[in-house]
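I opened my notebook to look up a few things in this structure. Here is what I wrote down, entry by entry.

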Amino acid sequence: MNLFTRRQWLQASGASFGMLALRGLLEAEALAAAPRNPLAPKPPHFTPKVKSVIFLFMYGGPSHVDTFDPKPALDKWDGKTIPVFRAEDASMVNRTKGKALRSPYQFNKCGKSGIDITEVYPELGKCADDLCVIRSMHCESNNHGPALFQMQSGFVQAGRPSIGSWLTYGLGTENQNLPGFVVLLDHQGAPVNGALNWSSGFMPAGYQGVPFRSSGEPIASLNPPSGVSKEQQLARLKLLRKWNEEHLAANPGESALAARIASYELAYRMQTHASEAVAIDKEPEWVRRQYGLDDKVSAHFGRNCLLARRLVERGVRFIQLYSGGNEGPRAWDAHDDIKKNHDLHCAETDRPIAGLLKDLKARGLLDSTLVIWGGEFGRTPVAEGGKGRDHHARGFSVWLAGGGIKGGVVHGATDEFGYHAIENPVSVPDLHATCLHLLGLDHTKLTYNFQGRDVRLTDVSGNVLHSLLA
Amino acid sequence: MKNAFCIFSMLVLASGAQAAPPAAALFEDGVKPILAKHCLSCHGVDKTRGGLDLRTLEAIRAGGDSGPILVAGKSKESLVLQLLTPQGKPHMPPRKQLAEEEIATLTKWIDSLPAEAIARTFSDKEKNHWSFRPVAAAKVPALQDDWIKNPIDAFILERLRAKGLEPNPPAERIDLVRRVYFDLIGLPPTPEEFEQALGDKSADWYEKIVDRLLASPQHGERWGRHWLDLARYADSGGFHNDIDRPHAWRYRDYVIKSLNEDKPFGQFVREQLAGDELDPGNPETLAATAFLRNGPSNEDNMGRDREKYRLDELDDVISTTGTVFLGITLGCARCHDHKFDPVTLQDYYRFLAIFNSTVKKELPLDPKVKPVKGAKVPSLMVVTEDSAKPRTTRLLWRGDLNNPGPEVGPGVPVIFSATSIDFPAPAPDARTTGRRLALADWIAAPDNPLTWRVLANRLWQHHFGRGIVASSSNFGLGGERPSHPELLDFLARELVRQEGRLKPLHRMIVLSAAYRQSSSILSPARDQREQADPDNTLLYRYPKRRLEAELIRDRILFVSGNLNPQMGGPGIKPRIHPDLLEGSQRNKWPLVKKEGPEHWRRSVYIYTKRQLQLPLLELFDAPTSTQSCSRRDVSTVPTQALALMNDDFTQDQAGYLARRILKQAGNDPTKQATLILEVALSDKPTAARIKDAVAFLEEQRRLHQSAGKNADEAGVLALTDLGHVLFNTNEFVYLD
């Protein structure tokens with residue numbers, strides 16, 4: 001880093017509370033503390049394709065056979081028992097039998113590539129040529145809790161670092177004034193497992209996801225408590241700085257002490273930068289419209305998508321954006337009525353996601369960003385009750401878009417009913433390995449020593465899906 | 001790559017090398033051509049997918065990353081044949097189906113192999129691994145030096161001198177007092193204790209303090225927290241809706257009480273692993289068994305894979321028991337032989353057989369009360385068994401329920417055959433299998449090579465910030481080597497000699513000169529030291545340490561005068577910012593507008609909601625409690641600074657501190673400044689500090705008055721500002 005420009009910037013920004021511009025102390029300390037700053041940028045293993053990831057997490061489990069994996073056979077078998085059904089796959093034992101349920105939706109051949117996309121995703125359909133649809137995902141659990149854990153951390157058990165933590169651990173963060181791993185929740189609340197979904201597990205807490213809100217104070221404790229003015233805070237911080245520096249001078253070379261002084265500088269700057277990052281209202285009207293902010297139904301997810309773009313612009317490494325919260329119909333968990341549920345959640349997300357892809361592209365950011373769409377599992381091709389669908393882990397769809405990804409491509413296939421992933425099956429570790437690869441990390445080499453063992457995100461499996469890479 | 005050379009190559013069929021001629025002939029003429037045609041392109045010639053090489057008989061017997069692929073003489077139990085069937089998962093070969101006659105040939109060959117179980121042999125390196133050897137009668141180095149206060153110091157000094165290093169001079173009394181208070185009870189001295197400690201002219205002033213602190217009930221609160229980290233203690237299930245565990249706190253109280261009583265460690269082990277077998281009528285020993293069920297659970301959303309969940313939960317029990325008591329990562333052998341340690345798949349399942357019959361129960365505290373579903377009676381979270389007849393345990397190849405192997409009985413890892421145990425058949429009137437008690441007796445035996453070393457090392461780690469073995473829950477071949485092996489053995493023997501009581505060892509450690517030396521980095525020999533031992537492994541100075549999360553919060557409350565000393569009982573739920581509660585409707589954390597004394601208890605009593613940790617604790621590296629935590633991280637990130645700068649908690653407590661100071665010091669700024677510095681940092685402030693503080697108070701008073709406050713209000717606010725600064729200083733969170 002060029003110290004001079006950094007110093008100039010500090011002076012210009014006026015955001016520092018110390019007298020460092022005069023003494024040049026921060027630079028010296030920051031350098032001394034650099035190895036101790038767990039979030040400092042780190043070089044990848046090889047040249048990355050992308051710098052950031054936006055994971056659009058459709059919590060609850062979106063139905064693949066109603067969105068990206070059309071199955072005409074379900075029309076033919078509607079109401080009849082399909083041969084591939086296995087009773088042990090049902091999560092709702094008494095409600096899910098083997099009878100096929102036809103999709104309430106038509107599919108459109110979209111874009112030049114002609115990818116099939118559900119009619120309730122009309123805007124997203126226009127982005128078809130940017131999408132690489134994987135129709136052969138499978139995972140290890142058809143319960144929300146374990147399946148969420150697996151999609152986040154590779155393991156169905158709790159306690160492992162999530163992929164966002166792995167990336168911030170592996171690459172650090174580009175913008176020290178913002179967290180490297182940000183979580184944006186649905187207006188319905190957090191998914192099951194709560195904060196454990198973005199936990200850093202056995203890694204230091206600095207790598208965990210930081211929930212951001214798209215209105216009000218974006219991060220907890222970002223601003224001084226009520227009744228404490230900015231001026232008052234600045235005065236406190238100046239004295240703090242002076243005493244901490246004197247203490248450091250008496251303990252020269254204690255890098256932990258220097259790092260902690262630097263962390264207060266960062267925190268102070270974060271106050272300005274995080275507030276600025278979430279200032280969506282500063283976006284022009286047409287951009288806001290592009291994300292669906294003019295419609296009550298899509299406004300919440302649209303705000304989060306727009307915020308995600310602003311965070312990517314500002315160098316945030318990993319952004320996890322949840323659609324659906326809490327449980328049942330408030331998520332994509334369409335046990336009772338697939339049409340009613342997916343009508344709503346598709347409408348909530350269609351314009352925001354399409355807007356995000358177009359906007360990223362227009363700004364040249366799509367080339368350096370990986371966008372992932374998917375849930376913790378798919379839904380059964382057979383009916384639950386009359387018109388719902390149950391959880392389904394044996395075959396479902398996700399899609400990728402962005403830098404290093406072939407657009408307009410369909411990868412893998414489920415059987416004729418959409419039940420088993422049969423062609424080029426993709427496991428969660430495969431997906432994780434591919435994601436790390438795009439960021440320039442070899443998933444077999446990115447390890448963290450826990451209890452004496454070098455642990456991987458992909459444990460002992462995972463293959464990079466080279467055929468999807470541009 | 002050091003482990004890439006396969007440990008599996010040491011797997012041999014007992015009589016494999018002399019396989020009967022029919023099998024050998026079959027292999028050459030029938031099996032080899034099939035392998036060459038279908039398999040070797042992925043498993044041998046250019047690559048060895050899944051770590052599996054099929055080129056030679058030895059390599060085939062060795063198996064792949066996920067373990068053996070065949071069971072000699074038992075084609076039905078052989079993984080390889082299961083994968084070749086059309087239903088095989090993953091199907092092999094991936095895009096082909098072997099012809100029936102080819103499969104028949106392979107079946108015939110496997111069945112013709114001598115029906116011996118696969119036996120793992122151990123290399124000398126494994127058998128002689130330092131921590132598996134008996135604890136040696138360590139000879140205290142015969143050093144004569146005034147620095148030496150007890151045998152510990154002789155070990156330390158010998159190693160330092162060997163590197164040409166000398167230890168630091170003793171710490172200032174004021175620093176040592178603070179250090180030993182935080183270390184032994186997790187709190188600073190009261191002002192009276194502080195003055196007394198500084199003024200005591202007797203020769204044994206320090207010993208008196210140490211003995212008083214070790215006898216204090218706050219010692220159990222402090223050291224109990226260390227054990228709760230290991231025991232992954234929490235008050236909720238973690239998964240899905242994070243179901244509350246309203247009776248979990250009885251385990252926490254059991255731990256604190258046990259440490260305060262200085263219960264012999266052997267007893268502590270027996271109660272936690274087998275309290276129900278040891279003394280089934282005793283609520284305290286029953287409460288201890290929650291150790292076996294503190295891990296995360298998914299009771300509200302288990303789905304249909306009940307058996308898998310049951311085994312996952314037992315895996316947590318096995319892993320935790322192995323790492324906590326033995327420093328062995330047994331959990332690594334669930335799917336295949338341990339990659340680094342001489343622990344086999346069979347060892348894992350023998351260990352499973354010890355716990356496999358356990359059930360979880362909520363038993364009424366009063367045994368005369370009949371449990372009523374849904375009714376709220378004081379209860380205990382217990383692990384016990386329903387019958388003396390054990391549940392059958394089968395080995396699972398690759399840890400896969402659909403891939404069961406032979407039946408196994410209870411046992412400890414074979415590598416420990418020297419101290420191995422029999423699991424006697426239960427007595428005719430027994431109500432449980434007795435297996436856990438037998439295991440606990442083995443662990444607690446004085447000659448167990450691991451138990452006492454692991455325990456001594458844990459104590460050392462918490463006193464010095466780093467263990468003699470840095471990987472304190474991994475004493476295996478993949479773990480760190482001890483920096484002072486003889487000292488560790490000496491300490492382990494001390495523990496055994498004291499019949500497993502911890503307090504004598506605590507006392508010996510904190511009375512040592514090594515512990516009492518200064519933490520100063522400044523030394524004429526600094527360059528030499530940092531060159532010879534940059535990490536201070538040899539302890540030429542006491543390491544400067546950050547207070548743990550709980551201690552930071554407790555210190556703030558102590559300093560503000562608000563710490564409520566009430567011990568025990570159900571967990572407390574301090575204020576969490578409403579925005580954070582909003583994120584999750586499942587967390588029934590109350591909305592606290594204003595905190596009161598009921599919230600201001602020590603942090604060890606905070607309700608551990610797995611999905612909603614108290615942010616201040618979480619940010620300062622309190623463990624997530626999903627797995628046993630043997631050593632906390634010490635991370636430094638800006639969100640910690642934000643929390644201490646901006647959270648209502650620090651602001652409120654700074655306000656209480658201000659009023660406390662005002663009451664004692666009146667309106668004299670110098671008196672105020674002196675007192676607040678002294679109280680907050682447990683230190684004697686310098687004149688320069690006092691001058692800074694007085695100037696700051698003056699400036700802040702002006703600031704608040706110009707914002708429209710009257711003189712009295714401005715005075716309190718200025719002191720609040722100063723208190724707030726002190727809570728944030730490095731001196732407040734780092735200990736000399």
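**Entry: a parallel pair.** I started at Val182(A) and looked for its bridge partner in E7(A), which turned out to be Val210(A). The strands here are E6 (residues 181-184) of chain A and E7(A), and I noted three bridges between them, in the parallel sense. I keep in mind throughout that this is a predicted model.

**Entry: the sheet around that pair.** I then traced the strand order and got E7-E6-E8-E1-E9-E12-E5-E13 in chain A, an open sheet of eight strands with mixed pairing. Which strands stand at the edges? I found strand E7 (210-212) and strand E13 (409-411) of chain A there; each has a single partner strand, so one side of each has no neighbour in the sheet. From one strand to the next, the twist averages 20°.

**Entry: helices on the sheet.** I looked next at what packs on these strands. Helix H11 (residues 296-313) of chain A touches strand E1 (52-58), E6, E7, strand E8 (318-323) and strand E9 (369-374) of chain A. I wrote down about 175° between the direction of H11 and that of E8(A). Helix H12 (residues 338-362) of chain A lies across E1, strand E5 (131-137), E8, E9 and strand E12 (396-402) of chain A. For H12 I noted a direction at about 170° to E1(A).

**Entry: a three-stranded sheet.** Chain A also has an open sheet with the order E2-E10-E11, and I noted its pairing as antiparallel. Its edge strands are strand E2 (96-100) and strand E11 (388-392) of chain A, each pairing on one side only. On average, and with direction ignored, neighbouring strands of this sheet are turned by 65° against each other. I counted four bridges between strand E10 (residues 378-384) of chain A and E11(A), an antiparallel pair. Which residue does Ala383(A) stand opposite in E11(A)? I found Arg389(A).

**Entry: a helix pair between chains.** I moved on to helix H8 (residues 230-250) of chain A and helix H29 (residues 711-728) of chain B, whose axes come within 9 Å and cross at roughly 45°. I therefore logged H8(A) and H29(B) as oblique to each other. Their crossing is right-handed. From H8(A), the contact residues are Gln232(A), Arg236(A), Leu239(A), Leu240(A), Trp243(A) and Asn244(A). From H29(B), I listed Thr720(B), Asp721(B), Leu722(B), His724(B), Val725(B), Leu726(B) and Asn728(B). Sorted by class, this contact has six nonpolar, five polar and two charged residues.

**Entry: two backbone spots.** I checked the peptide bond between Met92(B) and Pro93(B) and found it cis, with omega about -15°. Pro93(B) sits in the loop between helix H3 (79-84) and helix H4 (100-112) of chain B. Asn424(A) belongs to the loop between strand E15 (421-423) and helix H13 (428-438) of chain A.

**Entry: confidence.** I finished with the pLDDT of chain A: the mean is 89, and 92% of its residues reach 70 or more. Over residues 1-15 of chain A, pLDDT is below 50, and the model gives this stretch 21 contacts beyond near neighbours in sequence. Residues 19-35 of chain A also stay under 50, with 32 contacts beyond four places in sequence.

Conventions:
Residues numbered from 1 in each chain as written. Chains lettered and ligands numbered in written order. Predicted model: local features only at pLDDT ≥ 70, side-chain atom pairs only at ≥ 80, totals over all residues. Heavy atoms only, no water. Axes fitted to C-alpha atoms, helices over the stretch in contact; angles between N-to-C directions. Helix = DSSP H or I, 4+ residues; strand = E, 2+ residues; numbered from the N terminus. Parallel < 35°, antiparallel > 145°, perpendicular 65-115°, else oblique. Left-handed = near helix turned anticlockwise from the far one by under 90°. Contact = heavy atoms within 4.5 Å. Nonpolar A, V, L, I, M, F, W, Y, C, P; charged D, E, K, R; others polar. Pairing = 2+ DSSP bridges. pLDDT = per-residue confidence, 0-100.
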